[in-house]
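Please look at the sequence and the structure shown here. The paragraphs after it lead from one part of the fold to the next.

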Amino acid sequence: MRRIISILMENEPGALSRVVGLFSQRNYNIDSLTVAPTEDQSLSRLTLITDGDDARIEQVTKHLNRIVDVVKLIDLTGGAHIERELMLIKLKATGAQRAEVLRVVEIFRGQVIDQTGTSYSIQLAGTSEKLDGFLAALSDCKVLEVARTGVTGISRGTKVLAI
């Protein structure tokens with residue numbers, strides 16, 4: 001089962017490598033990883049996506065909580081949460097394809113951020129499923145390049161990941 005784990009950790013050199021090293025040592029895969037400083041510059045929020053059953057995730061979270069740099073950890077999957085991913089995509093589009101690309105971009109609420117006579121660069125944010133759906137809707141176009149940020153998430157309501 002896909003799990004979204006959000007970790008508040010000290011913003012120090014080596015903290016990220018300790019978290020990733022834990023996954024590597026136990027032969028667990030990280031499907032997606034995002035990390036950035038929070039409003040408190042001494043802390044970073046790391047959001048990772050992994051797969052596993054309840055027992056495996058429980059084991060991973062116990063090990064993560066033992067890492068000195070980890071301040072707090074929450075599995076967002078179990079509760080109400082919001083998740084988003086950003087995708088930048090460059091498409092080759094000529095002739096009638098150009099109008100079709102613009103139509104699909106509008107349907108998916110994306111933005112054209114650059115264009116030439118033969119290509120579009122598009123920005124799209126949403127769930128991973130939405131981004132995958134966008135790619136499927138443009139299957140007739142030649143995709144030149146795709147860059148995805150990975151999933152980030154936050155719990156809904158007043159529940160916070162803070163000290």
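Helix α1 is followed by Asn27, whose phi is positive, near 60°. The model is a predicted one. Asn27 is not a glycine, yet its phi has this positive value. Asn27 sits in the loop between α1 (15-25) and β2 (30-37), and with a relative accessible area of 66% it is exposed.

Arg109 counts as exposed, at 72% relative accessibility.

Back in α1, the buried residues are Ala15, Val19, Gly21, Leu22 and Phe23. What covers these buried residues of α1 includes β1, β2, β3, α2 and β4. Nonpolar side chains tend to be buried together in soluble globular proteins. Here the largest nonpolar core has 16 residues, and Ile5, Ile7, Val19, Phe23, Leu48 and Leu64 have the most contacts inside it. At least two residues of this core come from each of β1 (2-10), α1, β3 (43-51), α2 (54-66) and β4 (70-75). The largest share, four residues, is supplied by α1.

Strand β1 deserves a separate look. β1 and β3 run antiparallel and are joined by nine bridges; in β3, Leu46 is the bridge partner of Ile7. β1 also runs antiparallel to β4, with five bridges joining the two, and Ser6 stands opposite Ile74 in β4.

The next stop is helix α4, residues 128-137, where Ser128, Leu131 and Phe134 are buried. These three cover an arc of only 120° around the axis, which puts them on the same side of α4. An α-helix has 3.6 residues a turn, so residues three or four places apart point the same way. Glu129 and Ala136 are exposed on the other side of α4. The cover over the buried residues of α4 includes β1, β5 (81-92), α3, β7 (119-126) and β8 (142-148).

Aromatic rings come last. The distance of the centres and the angle of the planes describe a pair of aromatic rings. The count of aromatic pairs comes to two. Phe23 and Tyr28 form an edge-to-face pair, at 6.3 Å centre to centre and with 75° between the planes. Phe23 and Tyr28 are buried. Phe108 and Phe134 also form an edge-to-face pair, at 5.4 Å centre to centre and with 80° between the planes. Phe108 lies in the loop between α3 and β6 and Phe134 in helix α4, so this pair ties together parts that are 26 residues apart in sequence. Both Phe108 and Phe134 are buried.

Notes:
Residues are numbered from 1 along each chain as its sequence is written. This is a predicted model: local features need pLDDT of at least 70, side-chain atom pairs count only at pLDDT 80 or more; totals for chains, interfaces and linings use all residues. Side-chain values use heavy atoms; hydrogens and water are left out. Buried means under 20% relative accessible area, exposed over 50%, partly exposed in between (1.4 Å probe, protein chains only). A nonpolar core is a set of buried Ala, Val, Leu, Ile, Met, Phe, Trp, Tyr and Cys residues joined through side-chain atoms within 4.5 Å. The arc is that of the directions from the helix axis to the C-beta atoms. Contact means heavy atoms within 4.5 Å. Two strands pair if DSSP finds at least two bridges between them. Rings of Phe, Tyr and Trp (its six-membered ring) pair if their centres lie within 6.5 Å; planes under 30 degrees apart count as stacked, over 60 as edge-to-face and the rest as tilted.
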